[in-house]
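The sequence and the structure are shown first.

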Amino acid sequence: MGSLFRSEEMALCQLFLQSEAAYACVSELGELGLVQFRDLNPDVNAFQRKFVNEVRRCDEMERKLRYLEKEIKKDGIPMLDTGESPEAPQPREMIDLEATFEKLENELREVNQNAEALKRNFLELTELKHILRKTQVFFDEEGGLNHTTESMTRALITDEVRTAGASMGPVQLGFVAGVILREKLPAFERMLWRACRGNVFLRQAMIESPLEDPTNGDQVYKSVFIIFFQGDQLKTRVKKICEGFRATLYPCPEAPADRREMAMGVMTRIEDLNTVLGQTQDHRHRVLVAAAKNLKNWFVKVRKIKAIYHTLNLFNLDVTQKCLIAECWVPLLDIETIQLALRRGTERSGSSVPPILNRMQTFENPPTYNRTNKFTKAFQALIDAYGVASYREMNPAPYTIITFPFLFAVMFGDLGHGAIMALFGLWMIRKEKGLAAQKTDNEIWNIFFAGRYIIFLMGAFSMYTGLIYNDIFSKSLNIFGSHWHLSYNKSTVWNNNFLQLSPATSDYEGTPYPFGLDPIWQVATSNKIVFQNAYKMKISIIFGVLHMIFGVIMSWHNHTYFRNRLSLIYEFIPQLVFLLVLFFYMVLLMFIKWNRYEATNAFPMTEACAPSILITFIDMVLFKESKPPGKDCHVYMFWGQSFFQTVFVLIALACIPVMLLGKPIKIMQARKLANVQPITGGSSDAEVGGMPNGGGGGHHDEEEMSEIFIHQGIHTIEYVLGSVSHTASYLRLWALSLAHAQLAEVLWTMVLSLGLNKEGWLGGIFLTVVFAFWAVLTVGILVLMEGLSAFLHTLRLHWVEFQSKFYMGQGYAFAPFSFDSIIENGSAAAGETE
């Protein structure tokens, strides 16, 4: 029977499906999401499986849908997402879907090709328009073409021509005009000068407005140029340079009348192209809008079809080729639900042969399946991140729901900061439907949203511990009135930073503050940290020891469930006794000290001073007795303490060889009695409640005795030394709590108090700025960074200090064939279960 505290009982079943009903039945199982199929063809590659052609068809449909999606996103058209998941289409509907996608793709490609050709023509005409305008300006500046030719001739004529005399006739210059990318122009000019040895004349002008590249739609900036030269040789050289720099050359008439006539024709053609381009874009937009309405549903349908055929490729065919055989893991409680789904699939397909679901006997480890809801899912994810629980092993997640936010709150205890965190978590919980529908790709936001219940609980628990610490943004709430009263005058209090109130005088009322810490400790300067250190260090050790004891008790549930008698006697009992007689005894000393000694006699030089628990514990382990701290002081807190401490240490030492040798020796004796080498480690170890190879870790049938002794020695050393280090590790609860409080106080005294000390209207403006700065630092450093630090330390305390006492985490997760997870991951390949 499944429960919150253990994973579900699983069964390995064999499924027989008629060929015509297999598709519909697998479709129903995918909607249900409770069946994990096994691959019965592990040696057959993907290209030799029965339904490989159908998978390829689905791949082709997905490619076409991705092409449509890219074009829709390029135009910024919103895609309709109703949030509903359509059923998987029947196989005969694949033909209609393929035809629809083929028609849309061809139509869109044709429209895009026509639009690209039109845009290319439009670009050429636009560049020609700018060339005609700019060259007209060039010629007008020189006073006409003839004058320009003569001046260019004088500029370009060489010394040899000058020495030839007046026998030479007039020299005619040629020119070419074109457009080039603006960033290439400097290099283009240098190349012309070097290649033509300065015998060309270049004029250029920038085109102010950007032009659209018809290939990719980018906006580019270009410049118009005109090059004057003499002779065919230079003409050929200039054209090759233009070709190398990807410059576009256009014909430009010499006569002004011809240029004006050409410009008019170009403007007319541009207007016509604008009209045709607008119509083409409208048609493309209509096609994409129509496709956007159904694109999400089409993706879901295609991925479901592909997932079904991927799953069918895991099945075997019987000899008659009319029946498909599958093997699958299913939760024992859901077998009836699965059978109902199979019957629905059979009815949908019209088959008259019902499917057969047989339970099989197996010695394999079943997968681990822990049922979760939206509240427990995040806590279960924290546990699974350490390691998936072994089959039917105790699940720490239900206990983590309470212990995780509580230990976090001990480190993060502040009423104000906790309220910020709790309100943020509550906002995400209240808006979870709308936020979940947005489906953003921001990984950080998705992590926060997935842990919204954890954040809310951490904030709520932090508000509680903040009330206990009486700490809100490093200040106190004086709800009940302080139980301390000053017997000094005002000047003495303000001028003496080392002044301390004595509990032995009338300064103290004699009764504690009703709830939490007295608010007077917040204004103490000389002994505030000393008092809080003593308080928080002790509660850290108390919580840590109780947490570890609870972890050891959890191992008892594992041993009894798996009927692992050897581990129960030779591991659980000595581990629990070892922890109780040493560390739980230290916790009891703290309570005895709190109960027996009051603040009036807690100082070393008084008549009945309280002994140090740390010194007492060290002396207890070392079998020694320290001198009392002062005259008439006592080393022990109760009668017979020395005797009990000696007995406790001897019992703890006796537990070590029991943990180290007890279980291996019993296994070795059982093997000798059976006279078989090797055999199982005793009937008690082999019995796991009818479930072979369970999560109790009690099987040793294939291990050599040397390996068993080595493993047991490692576990014993790890537990004994770990008990000491793990207890000290819980001191991080005190350290981080102190650091958090001190950081909050630093922000208040060094930032916000500066604004509060200013007066007048300038002080109000300054306070507004300072408060904004203080709020940003508070949220950014104390809530986010300190919260993340406390979260990671809490995670370590659960993974290492708590779960190491009972949690093996050597299982593998139940991965059912589920359409929901496939669609969420955005890939039908998730439907493949190995």
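This is a predicted model: local features need pLDDT of at least 70, side-chain atom pairs count only at pLDDT 80 or more; totals for chains, interfaces and linings use all residues.

Residues are numbered from 1 along each chain as its sequence is written, and side-chain values use heavy atoms, with hydrogens and water left out.

**Overall architecture**

- The protein chain contains 26 helices and eleven strands; helices (H or I, at least four residues) and strands (E, at least two) are DSSP runs numbered from the N terminus.
- Of the 834 residues in the protein chain, 45% are buried, where buried means under 20% relative accessible area, exposed over 50% and partly exposed in between (1.4 Å probe, protein chains only).
- Among contacts (heavy atoms within 4.5 Å) between residues at least 6 apart in sequence, 81% join residues at least 24 apart.

- Asp39 belongs to the loop between strand E2 (36–37) and helix H2 (52–74).
- With a relative accessibility of 18%, Asp39 counts as buried.
- The side chain of Asp39 also makes a polar contact, at 3.1 Å, with the side chain of Arg49. A polar contact is a pair of N or O atoms within 3.5 Å; within protein, one must be able to donate a hydrogen and the other to accept it, and residues adjacent in sequence count only if both atoms are side-chain atoms.

**Nonpolar cores**

- The largest nonpolar core has 61 residues, and Phe37, Leu312 and Phe315 have the most contacts inside it. Such a core is a set of buried Ala, Val, Leu, Ile, Met, Phe, Trp, Tyr and Cys residues joined through side-chain atoms within 4.5 Å.
- Helix H9 (residues 295–312) supplies the largest share of this core, nine residues.
- A second, separate core holds 59 residues, including Met458, Val587, Met620 and Ala652.

**Packing of helix H11**

- The axes of helix H11 (residues 376–386) and helix H12 (residues 397–411) come within 9 Å and cross at roughly 95 degrees. Axes are lines fitted to C-alpha atoms, for helices over the stretch in contact, and angles run from 0 to 180 degrees between N-to-C directions.
- H11 and H12 are therefore roughly perpendicular to each other, a class covering angles of 65 to 115 degrees.
- Where they meet, Thr376, Phe379, Gln380, Leu382 and Ile383 in H11 face Ala397, Thr400, Ile401, Phe404 and Pro405 in H12.
- In H11, Thr376, Ala378, Phe379, Gln380, Leu382 and Ile383 are buried.
- The buried residues of H11 pack against H12, and also against helix H15 (443–450), helix H16 (452–469) and helix H25 (760–802).

**Cysteines**

- Zero disulfides are found in a search of the whole structure, a disulfide being a pair of cysteine sulfur atoms within 2.5 Å.
- For Cys13, the closest cysteine sulfur is that of Cys328, 5.5 Å away and therefore too far for a bond.
- Cys13 is buried at 1% relative accessibility, and Cys25 is buried at 0% relative accessible area.

**Positive phi values**

- Arg197, a residue other than glycine, has a positive phi near 55 degrees. Arg197 sits in the loop between helix H6 (185–195) and strand E4 (201–206) and is exposed, with a relative accessible area of 72%.
- Phe623, again a residue other than glycine, has a positive phi near 55 degrees. Phe623 sits in the loop between helix H20 (613–622) and helix H21 (641–674) and is partly exposed, with a relative accessible area of 45%.

Key
Angles under 35 degrees count as roughly parallel, over 145 as roughly antiparallel, 65 to 115 as roughly perpendicular and the rest as oblique.
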